[in-house]
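Look at the sequence and the model below. Then follow the report from the parts of one chain to the way two chains meet.

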There are 2 protein chains.
Amino acid sequence: MTITVAIDCMGGDHGPHVTVPAALDFVRAFPDVRVILVGLTDRLLPLLADRADPRVLVRHASEVVTMDESPALTLRTKKDSSMRVAINLVKDGEADACVSAGNTGALMAISRFVLKMLPGIDRPAICGILPTLKGHAHVLDLGANVDCSPEHLLQFGLMGASLVAAIEHVERPTVGILNIGEEEIKGNEVVKRAAELLWDSGLNFVGNVEGDGLYKGAADVIVCDGFVGNVALKSSEGLAQLLATFLRQEFRRNLFTKMAALVALPVLNHFKRRVDHRQYNGAALLGLRGVVVKSHGSADVLAFARALQRAADEVRSGVLARISERFAQLQPIQETA
Amino acid sequence: MTITVAIDCMGGDHGPHVTVPAALDFVRAFPDVRVILVGLTDRLLPLLADRADPRVLVRHASEVVTMDESPALTLRTKKDSSMRVAINLVKDGEADACVSAGNTGALMAISRFVLKMLPGIDRPAICGILPTLKGHAHVLDLGANVDCSPEHLLQFGLMGASLVAAIEHVERPTVGILNIGEEEIKGNEVVKRAAELLWDSGLNFVGNVEGDGLYKGAADVIVCDGFVGNVALKSSEGLAQLLATFLRQEFRRNLFTKMAALVALPVLNHFKRRVDHRQYNGAALLGLRGVVVKSHGSADVLAFARALQRAADEVRSGVLARISERFAQLQPIQETA
């Protein structure tokens with residue numbers, strides 16, 4: 001089976017200069033994939049030039065979604081944007097998945113409008129991957145939903161567990177809920193109620209996980225509302241940048257420290273590769289009737305290629321079917337309750 | 001003027017073995033302070049032994065608040081706990097400030113009950129300090145209030161700005177509100193409304209700050225509800241631990257990396273001291289009619305002494321008066337509105 005990935009080539013901070021080379025790398029690395037490059041053909045074709053590959057198709061789209069335009073307006077007006085055309089390809093069965101580094105709000109809105117939700121799921125959630133002491137964890141939601149009900153958080157848990165079960169072949173992944181530690185003030189009402197639902201869900205629920213638990217590997221899947229998830233992710237990014245800056249400054253302080261840096265360089269580079277956030281690029285938009293992956297807007301070629309891989313992995317492992325099955329099993333129980 | 005700090009010596013993971021030596025270091029370092037050590041005297045006195053200092057007083061308290069007991073129950077039943085007695089000393093004017101590494105919920109509840117709130121302030125907030133690329137930032141709330149109204153967030157901004165103005169002699173510190181970045185979904189209703197109030201507050205408000213802005217020095221004061229603040233802080237802690245672990249592992253990988261570690265050690269140690277979270281220990285409980293500082297439960301002697309310094313700084317710089325004045329100026333405006 002060949003997996004076809006539709007790529008919104010105009011999205012992201014760098015557009016085709018990143019997305020096209022990443023697509024070519026991706027096709028070269030995986031013999032079972034092909035890509036449909038979507039965007040302004042006069043921007044895409046020069047980047048392909050002498051690279052005629054039967055597994056690289058091009059589809060023209062006349063409009064571009066900018067990073068800060070209103071998703072609602074985009075949805076109504078830009079019917080021929082590269083983002084929308086790429087998502088349409090998934091809907092029409094021409095592609096198995098769509099990847100974009102563009103405007104997250106627009107991607108959410110268009111995906112939801114075009115593809116629709118899977119039965120039993122109210123809202124899509126953004127599911128990203130974080131490194132942990134034990135490997136990595138899947139966290140959702142990372143910013144799609146700022147106000148969540150307990151039922152939404154339960155759905156996030158069910159979707160996240162299905163994703164991990166499919167992709168990582170872990171039959172009963174552990175699921176935790178992000179919370180704060182103080183006894184008396186342990187969480188707001190939504191989180192408390194969500195935890196009750198998760199205990200009763202049949203999932204391998206492990207209860208509350210505090211912020212530091214995210215990186216300790218406290219659970220395979222960690223659910224939270226999009227506001228909290230986004231802040232946790234971005235504040236971690238900010239701290240990582242701060243530490244990297246300070247470390248660089250220390251090694252550049254004087255002649256001795258610069259020599260020490262030379263000696264330590266191979267070790268530091270190995271460390272850098274290990275914590276390279278680019279390898280975690282690509283967040284799944286879960287709950288839709290189609291595979292959609294969001295890349296970080298600032299992704300470079302390596303990072304964007306990683307997001308493409310992630311989309312192919314989701315298709316290969318049948319994540320959609322897993323989620324559908326999980327929610328189908330729930331329906332009768334909810335109906336008889 | 002001598003500043004008297006009442007210390008709940010029984011609180012924290014290590015109790016008197018940390019709090020007493022830290023108190024002695026503190027007194028030795030600052031000639032204008034004295035301490036009242038509060039706790040089980042049979043536990044405290046042996047640690048003082050041959051150290052008779054007229055600036056070190058001891059006050060017996062027969063009970064101890066444990067780390068995970070219910071704040072409400074503690075408030076009702078443990079009237080002679082070291083925590084409560086220390087706070088009473090502030091109320092009675094025998095001490096200028098109280099410091100505890102104990103149960104945060106209990107410290108909040110007892111402080112609020114015994115000391116009461118300053119006029120115009122509804123809830124205490126926990127205000128901590130984070131390192132940034134530009135120096136450091138004050139962030140509140142870090143976990144006292146899980147559900148905040150826009151008015152509470154406004155009050156946090158006013159209190160935080162008063163604290164920074166007093167302690168750091170910055171007349172109009174910048175104030176930001178923690179939010180998420182996507183346009184369409186930019187924050188929930190509470191945060192949006194709070195931002196409106198902050199724009200109209202007369203503060204030097206700079207608008208939204210994303211999670212990574214916390215560490216970029218986007219503002220001197222950053223307000224958020226306690227749930228989000230706690231998760232941001234703890235997830236950062238978790239990431240820092242992860243990076244430290246990985247870096248250590250890389251330097252221990254083989255003989256060559258171990259030699260590189262030896263060469264790089266002075267640089268790495270300098271880096272370590274620079275990002276040492278112990279120097280940021282001590283969070284102010286703001287809004288009360290008295291200075292109360294919460295130390296991290298796991299604080300060691302160096303960290304706990306830092307929290308003591310922070311309490312003395314608050315007293316020395318007249319933070320309480322600053323906050324009172326700020327809210328007194330507001331009252332008439334609010335009343336005529």
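Chain A splits into domain 1 (1-121 + 287-318 + 330-337) and domain 2 (127-279); these bounds come from an automatic or database domain assignment. The model is predicted: local features need pLDDT of at least 70, side-chain atom pairs count only at pLDDT 80 or more, and totals for chains, interfaces and linings use all residues. Residues are numbered from 1 along each chain as its sequence is written, while chains are lettered from A and ligands numbered from 1 in the order in which they are written.

The centres of domain 1 and domain 2 of chain A, taken over C-alpha atoms, lie 25 Å apart. How many residues of domain 1 of chain A are in contact with domain 2 of chain A? There are 12, and they meet eight residues of domain 2. Two residues are in contact if their C-beta atoms, placed from the backbone, lie within 7 Å. On the domain 1 side, α5 and α11 (301-316) of chain A each give two or more residues. Helix α11(A) has the largest share of that side, with five residues. Helices (H or I, at least four residues) and strands (E, at least two) are DSSP runs, numbered from the N terminus.

Helix α5 (residues 104-115) of chain A also packs with helix α4 (residues 82-91) of chain A: their axes come within 10 Å and cross at roughly 35°. Axes are lines fitted to C-alpha atoms, for helices over the stretch in contact, and angles run from 0 to 180 degrees between N-to-C directions. Among the residues that meet are I87(A) from α4(A) and I110(A) from α5(A).

Now turn to the two chains. The contact uses 56 residues from chain B and 56 residues from chain A. On the chain B side, α9(B) gives the most, with 21 residues.

Ala, Val, Leu, Ile, Met, Phe, Trp, Tyr, Cys and Pro count as nonpolar, Asp, Glu, Lys and Arg as charged, and the others, Gly among them, as polar.

| Surface | Nonpolar | Polar | Charged |
|---|---|---|---|
| Contact of α4(A) with α5(A) | eight residues | two residues | two residues |

Chain B can be laid on chain A by a turn of 180° and a shift of 0.0 Å along the axis, with an RMSD of 0.0 Å. The two copies are therefore related as by a two-fold rotation axis. Copies are superposed by least squares on the C-alpha atoms of residues with pLDDT of at least 70 in both. Because 100% of the interface residues of chain B are also interface residues in chain A, the copies meet through the same surface.
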